[in-house]
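Me: I'd like to learn how to read a model like this one, feature by feature. Could we go through it together?

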Amino acid sequence: MLKGKNILLGVTGSIAAYKIATLIRLLVKEGADVRVVMTPLAKEFITPLTLATLSKHPILVDFFNPENGAWNSHVDIGLWADLYLVAPASANTIAKMAHGVADNLLLTTYLSVKCPVMVASAMDLDMYRHPTTQRNIEQLRSYGNIIVEATSGELASGLSGKGRMEEPEKLLDIIIQFFAKRQSLSGKKILVTSGPTHEPIDPVRFIGNHSSGKMGKSIALELAYRGATVVFITGPVSILPQHPNIQTIHVETAKQMHDAALEMFDGCSAAILAAAVADFSPKVVQKQKVKRKDDALVLELVPTCDIAKELGKLKQKGQVVIGFALETENEEANASAKLKSKNLDLIVLNSLNEKGAGFGTDTNRVTLIHRDGTVTPKELKTKEEVASDIVDELVGLLK
Ligand code: PMT
């Protein structure tokens, strides 16, 4: 199941390092090409000879070979890998990864790899639950790394609790599922709208909103990680997704977003509309800066074009359109009405009444509402995890 996959293992100094021999055997049996980079301390827990024999490749530990001066290129190995699994990941290595410390080959490789990174922690329970470690793990998660939580059980210290590295058989399962998911959208082109729009009043002022683009960015990256080609149409934001599969189109106004979306929708398998598009824009854009006066200023606003509604009308059999609903009252009823009136296949409701949800946050709490009336409330999650849930739904809808 892993034929043709290049898996790089990063082994750190932890008693759980002995389990890596089994993991390598399992990966090789599934057809993966496995290479191993170890920290110097990891060699005290399992010999490089054992891992080299099982992986059929020399083990990388040092920056260079002192006998012939040849460099072990962390850049080359980073480019080679389809997945970098750091397992077992000690508290020390997790802390260094979270803060960009690069004092061994495992860490310089981490900073160089282009592929997804998985981190399977292993340590004593008190170290694991320490706020510093937890914060570092969250930091790694926020960089898009996949965290394989430690499990509970007997620990090397004799204590019992959460801190054990996941068993090799389970890690193999996670890796197989990861690659299956990654290919689930290959060959598909998906349009994503993201961020706010700015509707100009005059050369210096606009009507906008608080969208940061974080939700849209997470969706675009998740789609790209699963092999899709992404057309990412974004309003003015400072954070953008970076991935070779993502083509970014920058727009300012609702009209520009509308024109770009309509032009690009043809040939797309789906559209996910996470942008907070202005519903109204000034009827007249003043050529010069509007001067301050003592009287009230009346702006005449006209409705913008509804991109979601137009794509809902245009969509052909097999095309899927997923919208968002940002509500402040009667959330479910309003979102369901939007789902119907815009002819969407799914609507993702987020409410500004929920703490940690909506604009600007790193988290979101959404409720998924389907055309058949099924309502699935989700718990508060990171925007990356919410994106993954939405893309799971999309994969189901495209089947
Ligand atoms: O960017 P972040 O800071 O991470 O915040 C994320 C978010 C809160 C912006 C996002 O999760 C979200 O809810 N996006 C949709 C916001 C919105 O405009 O909702 P709405 O209920 O007004 O619109 C309903 C749907 O119609 C949306 O899919 C919207 O993109 C679309 N729409 C709306 C108006 C319009 N003229 N054209 C549209 O396509």
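Me: Which residues have the most contacts inside the largest nonpolar core, and how many residues does that core have?

Reply: Happy to start there, with one caution: this is a predicted model. The largest nonpolar core has 35 residues, and Leu9, Leu27 and Leu51 are those with the most contacts inside it.

Me: Which helices and strands each supply at least two residues of this core?

Reply: Among the strands, they are β1 (6–11), β2 (33–38), β3 (83–89) and β4 (117–121). The helices α1 (19–29) and α8 (168–182) each supply at least two residues as well. Apart from this core lies another, of 29 residues, including Leu185, Val320, Leu368 and Ile390.

Me: Let me zoom in on one residue. What does Leu51 touch, leaving out residues up to four places away in sequence?

Reply: With those sequence neighbours set aside, Leu51 touches Val11, Ile20, Ala21, Ile24, Val36, Met38, Ile46 and Ile59.

Me: Now the wider layout. Into which domains is the protein chain divided?

Reply: There is domain 1, covering 6–182, and domain 2, covering 189–398. Their C-alpha centres lie 37 Å apart.

Me: How do I read the interface, and how much area do domain 1 and domain 2 bury between them?

Reply: The general idea is that interface size is often given as the accessible area lost when the parts come together. Here, domain 1 and domain 2 bury about 510 Å² between them, with 43% of it on carbon and sulfur atoms. In domain 1, the residues that lose the most area to domain 2 are Arg141, Lys181 and Arg182, together 78% of what that side buries. As for contacts, 4 residues of domain 1 meet 8 residues of domain 2.

Me: How many salt bridges does the rule find across the interface of domain 1 and domain 2?

Reply: The rule finds 1 salt bridge across that interface. Lys181 forms a salt bridge with Asp392, and the closest N and O atoms are 3.8 Å apart. Between domain 1 and domain 2, 2 residue pairs are in polar contact. On the side of domain 1 that touches domain 2, α7 (131–142) and α8 each supply at least two residues.

Me: One last residue. Is Ser218 buried or exposed?

Reply: Here the cut-off matters: buried means under 20% relative accessible area. Ser218 has a relative accessible area of 9%, so Ser218 is buried. This residue lies in helix α9, residues 214–225. Not counting residues up to four places away in sequence, Ser218 touches Lys383, Glu384 and Ala387.

Note on methods
Residues are numbered from 1 along each chain as its sequence is written. This is a predicted model: local features need pLDDT of at least 70, side-chain atom pairs count only at pLDDT 80 or more; totals for chains, interfaces and linings use all residues. Side-chain values use heavy atoms; hydrogens and water are left out. A nonpolar core is a set of buried Ala, Val, Leu, Ile, Met, Phe, Trp, Tyr and Cys residues joined through side-chain atoms within 4.5 Å. Buried means under 20% relative accessible area, exposed over 50%, partly exposed in between (1.4 Å probe, protein chains only). Helices (H or I, at least four residues) and strands (E, at least two) are DSSP runs, numbered from the N terminus. Contact means heavy atoms within 4.5 Å. Domain bounds come from an automatic or database domain assignment. Buried area is the accessible area (1.4 Å probe) that two parts lose on being put together, summed over both. A salt bridge is a side-chain nitrogen of Lys or Arg within 4 Å of a carboxyl oxygen of Asp or Glu. A polar contact is a pair of N or O atoms within 3.5 Å; within protein, one must be able to donate a hydrogen and the other to accept it, and residues adjacent in sequence count only if both atoms are side-chain atoms.
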